Amino acid sequence: MSEEQLLLLNCLIYSPAFSMPENEKKTIGEILKGPPPTNGEAATTDEEWQALWEAAKADPYLCSLTMANLNVEEETKAVMACFVDPSGQAIVVFMGTADEWADNVRGAEYSDTEQQRRALEWFESLPYEDIIVTGHSKGGNKAMYVTILSTKASACFSFDGQGFSNEFIEKYGDLIDERSGLIHSRSHYRDFVNILLYSIAGDASYYKNGFGIGGFSEYHAPISMFCWEYNTATGEWELQLSFGEAVPRSPAMDMLNGFTVHLVSNVSGYKRIIMVEAFAQLVAVIFDPESSGWDIGLQALIHNEQIGQMITELRAYLKELKKSDPEAYEVMLEDLYAILVEAMGVEAANEVMFLFEDPGKMNTLFLLTAVYNASKTKSTLRDFSEDTKQLLLNTVDEVSEEPWWNITRWDVWYSISGLFGGLNVEDYTDKMDEYFRKVIDVNDATRETIENIFSEVYSLDEQYSATMQEKTERLNELSVLLEGIAESLVPSA
């Protein structure tokens with residue numbers, strides 16, 4: 001079975017038709033007699049699903065495969081399916097699922113997670129030997145896991161599958177050395193899931209195509225690795241069952257992978273789990289601002305108790321990365337900027353890039369404010385007057401004198417709520433000091449912060465007056481931060 005056919009099978013497994021119990025024991029050809037999905041499953045459009053359906057129908061070998069065993073986890077809806085060809089060759093496919101994200105995060109700390117163990121238990125129960133195993137995303141991670149731990153697996157092809165923790169590497173080091181050569185990792189060069197944690201694949205390849213990516217989340221769609229060709233006769237792009245151009249992994253994704261490895265290498269225990277979760281939340285809100293769940297994601301990020309420490313680790317990691325190889329860092333910034341522009345537009349991308357260009361300036365308040373305003377970019381009057389500066393300094397003094405346990409300043413909390421996108425503060429009355437410390441104290445909203453910001457603005461104004469247009473976005477970032485601090489601190493009239 002070719003890698004292209006395996007990738008096509010990993011696309012098809014996301015169709016609800018392949019998780020219906022009534023389709024167990026049917027051939028893929030029989031299943032494909034029904035209509036393709038029409039609700040955007042797996043970040044794939046209706047037109048793309050139609051193309052996948054037709055491509056699979058035209059493949060006699062794929063159509064001959066029988067779904068011999070189907071298991072759908074009741075809680076997570078995780079799909080595990082075993083297909084058998086006419087000669088008796090078994091192929092196991094693990095589907096990725098969003099409902100297993102908590103298990104993904106636990107994978108940063110533990111050697112074995114509950115969902116991995118369940119996948120292995122089901123895999124071992126199959127009455128076949130010499131099984132080809134494959135999966136996408138979390139499914140790819142499960143495929144690699146069972147390949148290391150079960151001698152039934154003869155080959156593994158993981159598509160966009162995330163890696164493993166230090167604990168897994170240490171516990172199964174000998175088995176990894178023995179069996180990692182069976183594992184082949186295939187990912188889109190800008191995929192954002194395979195970057196998580198340590199890779200154990202014997203070899204890895206990355207692909208890109210020139211068509212079909214409608215948003216950052218689609219870099220993780222399995223169909224994104226296929227090539228498309230333009231048909232001049234019909235004026236349409238047509239799916240080709242071949243991989244797109246083989247390229248190195250995106251420098252920005254390399255950087256993010258390096259940071260996850262940095263986290264699991266330098267932080268332990270519960271803090272590691274929460275920091276990895278904060279990192280994943282940060283990637284989601286930065287790179288996918290059009291997501292329907294963006295506001296919820298931002299709220300989750302703000303509430304994450306380790307967000308401040310995660311940003312501290314990110315700042316240290318980026319500073320060392322820039323110091324160790326300035327040229328490579330610039331290449332990474334160019335790639336990151338291109339991704340951000342594609343994800344959120346030029347103006348919004350500039351809101352975030354400021355912090356990566358000079359990682360020494362990165363702190364939680366800067367980053368959260370930039371991310372929020374990046375999604376809400378609009379033209380506003382930037383006021384850097386001395387009156388504004390004095391107002392902010394006076395407000396910081398006033399707030400600093402209040403005891404931490406004073407939760408009577410509802411106007412302050414509703415201002416913070418407004419800054420971060422409509423948080424319902426009434427739902428968090430037992431966490432007021434957590435909000436306060438996170439937004440003001442931990443994030444350095446002090447007199448020194450205000451003085452430094454205004455000094456930098458004035459310095460930039462003098463130094464670059466001849467090229468002010470070139471620096472507009474930098475100044476906008478600083479002014480957005482000031483507006484955010486003012487909204488967070490100034491009591492309502």
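Modeller: Helices here are DSSP runs of at least four residues, numbered from the N terminus. The model is predicted.

Colleague: By what part of a helix are Trp49 and Trp53 separated?

Modeller: Both residues lie in helix α3, which covers residues 46-57. They are four residues apart in that helix, so the separation is about one helical turn.

Colleague: How many aromatic pairs does the structure hold, and is the pair of Trp49 and Trp53 stacked or edge-to-face?

Modeller: The structure holds 11 aromatic pairs. In the pair of Trp49 and Trp53, the ring centres are 6.3 Å apart and the planes stand at 75°. Planes over 60 degrees apart count as edge-to-face. The angle of 75° therefore makes this pair edge-to-face.

Colleague: Is Trp49 buried or exposed, and what about Trp53?

Modeller: Buried means under 20% relative accessible area. Trp49 has 0% relative accessibility, so Trp49 is buried. Trp53 has 0% as well, so Trp53 is also buried.

Colleague: Which parts does the pair of Phe259 and Tyr317 tie together?

Modeller: Phe259 and Tyr317 form a tilted pair, with 5.6 Å from centre to centre and 45° between the planes. Phe259 sits in residues 251-266 and Tyr317 in residues 307-324, so the pair joins parts 58 residues apart in sequence: helix α10 and helix α13.

Colleague: What relative accessible area does Phe259 have, and what is the value for Tyr317?

Modeller: Phe259 is buried, at 0%. Tyr317 is buried too, because its relative accessible area is 13%.

Colleague: Which residues do ring pairs link into a cluster with Trp49 and Trp53?

Modeller: The cluster includes Trp49 and Trp53.

Technical notes: Residues are numbered from 1 along each chain as its sequence is written. This is a predicted model: local features need pLDDT of at least 70, side-chain atom pairs count only at pLDDT 80 or more; totals for chains, interfaces and linings use all residues. Side-chain values use heavy atoms; hydrogens and water are left out. Rings of Phe, Tyr and Trp (its six-membered ring) pair if their centres lie within 6.5 Å; planes under 30 degrees apart count as stacked, over 60 as edge-to-face and the rest as tilted. Helices (H or I, at least four residues) and strands (E, at least two) are DSSP runs, numbered from the N terminus. Buried means under 20% relative accessible area, exposed over 50%, partly exposed in between (1.4 Å probe, protein chains only).
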